[in-house]
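I set out below what I looked up in this structure, entry by entry. The order runs from the whole chain to single residues.

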Amino acid sequence: ILKESIDLDKDRAKGPVYVYYFRSVTKMAMKGDTDTAAVVDAYDMLSDYIDINLKRNESNEKKYNQWINIQGNIENTFEPFAQCPDLVRIYQQKYDADPTNPDLLKKIVKLLDKKKCVEDPLYFESTVSLYELEPSPESAYLIGKMYLKQERYTEAIPYMEAATEMEDT
């Protein structure tokens, strides 16, 4: 019933519907009634809808904070199911479809970093793409650090220098 409600309302569904639906999917996965891929797919769909609602309510602090809480609730529930191969599978497709979307790139970098999936090429590609769109000392440092890990020192130097020279408010 919750899934049907979300399918009908999409990004216009109420936040608690997302939370209860996601909890239901995770409980089903824990019982073996569905696989973890269903949890990852549900997370992907719901996180897109939540992002839309966050943007929609940027000017309304109360509603915006409610959506932040809903996002946090779903992310906490998702934590045990988030494995690097599943995340990369989903977000590689999204990256390939829209590699110049800064919001998507921030989401990919944040999620892969949080789940310690920083060795995957998608993390590197997303960080470089984000740096090209929105240069920052943090992203320059991350890129430089990744090049250092790969022992590509001459490529790391310009990014490390940029990280120290850029202004950061």
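**Basis.** I worked from a predicted model, in which local features need pLDDT of at least 70, side-chain atom pairs count only at pLDDT 80 or more, and totals for chains, interfaces and linings use all residues. Residues are numbered from 1 along each chain as its sequence is written, and side-chain values use heavy atoms, with hydrogens and water left out.

**Overall fold.** I found nine helices and zero strands in the protein; helices (H or I, at least four residues) and strands (E, at least two) are DSSP runs, numbered from the N terminus. Along the principal axes, the C-alpha atoms fill a box of roughly 55 × 40 × 25 Å. I noted that 41% of the 169 residues count as buried, where buried means under 20% relative accessible area, exposed over 50%, and partly exposed in between (1.4 Å probe, protein chains only). Of the contacts (heavy atoms within 4.5 Å) with a separation of 6 or more, 55% join residues 24 or more positions apart.

**Largest pocket.** I next looked up the largest pocket, whose volume is about 600 Å³. A pocket is an open set of points on a 1 Å grid over the protein atoms alone, where a 1.4 Å probe fits, with protein on both sides within 12 Å along at least five of seven lines; lining residues have an atom within 4 Å of a point. The volume is the space filled by probe spheres set on the points, which are joined across faces, edges and corners. The lining comprises 23 residues, and Asp51, Leu54, Gln71, Asp103 and Lys107 lie nearest the centre. Helix 3 (36-56), helix 4 (61-78), helix 5 (84-97) and helix 6 (102-114) each give two or more residues to this lining.

**Helix 8.** I checked the length of helix 8 (residues 137-149): its 13 residues should span 18 Å at 1.5 Å a residue, and the end C-alpha atoms are 18 Å apart, which agrees. The expected span is 1.5 Å times one less than the number of residues. Its buried residues include Ile143, Met146 and Tyr147, and helix 7 (121-133) and helix 9 (153-165) are among what covers the buried residues. Glu151, which follows helix 8, has a positive phi near 60 degrees.

**Loop residues.** Lys10 lies in the loop between helix 1 (2-9) and helix 2 (15-31) and has a positive phi of about 50 degrees, although it is not a glycine. I recorded Lys10 as partly exposed, at 41% relative accessible area. Lys116, in the loop between helix 6 and helix 7, has a positive phi near 60 degrees and counts as exposed at 67% relative accessibility.
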